[in-house]
Amino acid sequence: MPLTRLDIAGYRSVRQLHLELGPVTVVVGPNGSGKTNLYRALYLLAAAADGRLARTLAEEGGTPSVLWAGPRDPKKPARVRVTVDLDDLTYELQCGVVPSAPGEPRPTMFTLDPEVKEEHLWAHSGGRRLVLMERKDRTAFIRDADGKRITFPTELWGAESVMDQLSEPHRFPRLSEVQRTLSAWRFYHHFRTDPDALPRHPQVGVRTPVLASDGRDLAAALQTIWEIGDERALEQGIDDAFPGAKLEVRAEDGRFSLFLHMPGLSRPMAAAELSDGTLRYLCLLAALLSPRPPPFLALNEPETSLHPDLLEPLGRLIVRASEYSQVWVTTHAEPLARVISDHSGNAPVHLEKQQGATTVKRDGSGE
């Protein structure tokens, strides 16, 4: 189910934005232009599918802080709206703040929680749009496998999506399909590289086809690629970035450690000795060469801490990953965007701020 279109409204710096997506989408812009807000909006959909919507918004400062802060019509409710086209389906999520319940002596203390105001799922066929699911506040109806309109049997929990509250997913195959797809999306936006970062120290090793979001299981993930993944691509990715270097993973009492053999050095460098950029590149390598590629892979500012010489091999790795997964990249680095564009044929998307709102340009022309 490829993601072909993204619409965002009322989210942080994004007043209204429309974006068409291809096999690889690179979003470029200066600090404060809103790049990360687009990434976060996509992440909200994955969180909603997993039952983590309330927690995710709370970690961003709560629902009131993520609403568009610019001028808006006071007669219209303040809402975050994220809409995506997935193949022949359209899914939409609308959230607002939790209202005070009438008759209660005091308002709820859970003021950071969202209130899902509306959810929709539509199917497109022959120029027609069929409603498969429609939610308004705490009630919803869904069409079952036979196309019958079924009222959701219980009152919905306002802070989470219908997707997380399906007790009989086999009865609602299209909605279940969307839930599985969004849950399988993969996001990488923070690899710790400080001295206490887990990738720098021995970790219990198990076969790891999917690198953890913080890179804690890096050694096991790289060893997994060696054993059941694309060993040649892994070796090529190392040699492109560090000519002549060789990776080594050691296991002692079930704990895996990472070493890098560099030309001219008489001993390998342990993960604790690697530079921040080297360690981060190895994390990106493990994420992009996963033996279990996701349907959608998002990287937020992958160039952080990387030497400019690493942008070319990283860009080629990203384009290679787009052969197996749809890839989204937000970056400050114009050179990285150019490498990806040159190798993929997809023009980067440029962002800027206009009167406080994130706007999109392509090839320097307003969209």
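1. Ala, Val, Leu, Ile, Met, Phe, Trp, Tyr, Cys and Pro are counted here as nonpolar, Asp, Glu, Lys and Arg as charged, and the others, Gly among them, as polar. On that scheme, the lining of the second largest pocket has 2 nonpolar, 4 polar and 5 charged residues.

2. The model is predicted: local features need pLDDT of at least 70, side-chain atom pairs count only at pLDDT 80 or more, and totals for chains, interfaces and linings use all residues. Residues are numbered from 1 along each chain as its sequence is written, and side-chain values use heavy atoms, with hydrogens and water left out.

3. A pocket is found on a 1 Å grid over the protein atoms alone, as an open set of points where a 1.4 Å probe fits, with protein on both sides within 12 Å along at least five of seven lines; lining residues have an atom within 4 Å of a point. Grid points are joined across faces, edges and corners, and the volume is the space filled by probe spheres set on the points. The second largest pocket holds about 300 Å³. Its lining includes Tyr39, Arg40, Tyr43, His189 and Asn300. Helices (H or I, at least four residues) and strands (E, at least two) are DSSP runs, numbered from the N terminus. Helix H1 (35-50) and helix H2 (53-59) each supply at least two lining residues, and H1 gives the most, with 4.

4. The largest pocket holds about 340 Å³. It is lined by 15 residues, of which Ala9, Gly10, Arg72, Pro77 and Arg79 are the closest to its centre. Strand S1 (3-11) and strand S2 (14-20) each contribute at least two residues to this lining. By class, the lining has 6 nonpolar, 3 polar and 6 charged residues.

5. Which residues touch the most other members of the largest nonpolar core? They are Leu38, Tyr91, Leu175, Leu182, Trp185 and Trp328, out of 54 residues. H1 gives the most to this core, with 9 residues. A nonpolar core is a set of buried Ala, Val, Leu, Ile, Met, Phe, Trp, Tyr and Cys residues joined through side-chain atoms within 4.5 Å; buried means under 20% relative accessible area (1.4 Å probe, protein chains only). Another core, of 51 residues, lies apart from it, with Ala245, Leu311, Ile318 and Ile340 among them.

6. Helix H7 (residues 276-288) has 13 residues and reaches 18 Å from its first C-alpha to its last. That is close to the expected 18 Å, the expected span being 1.5 Å times one less than the number of residues. Because 12 of its 13 residues are buried, H7 is largely enclosed by the rest of the structure.

Notes: Buried means under 20% relative accessible area, exposed over 50%, partly exposed in between (1.4 Å probe, protein chains only).
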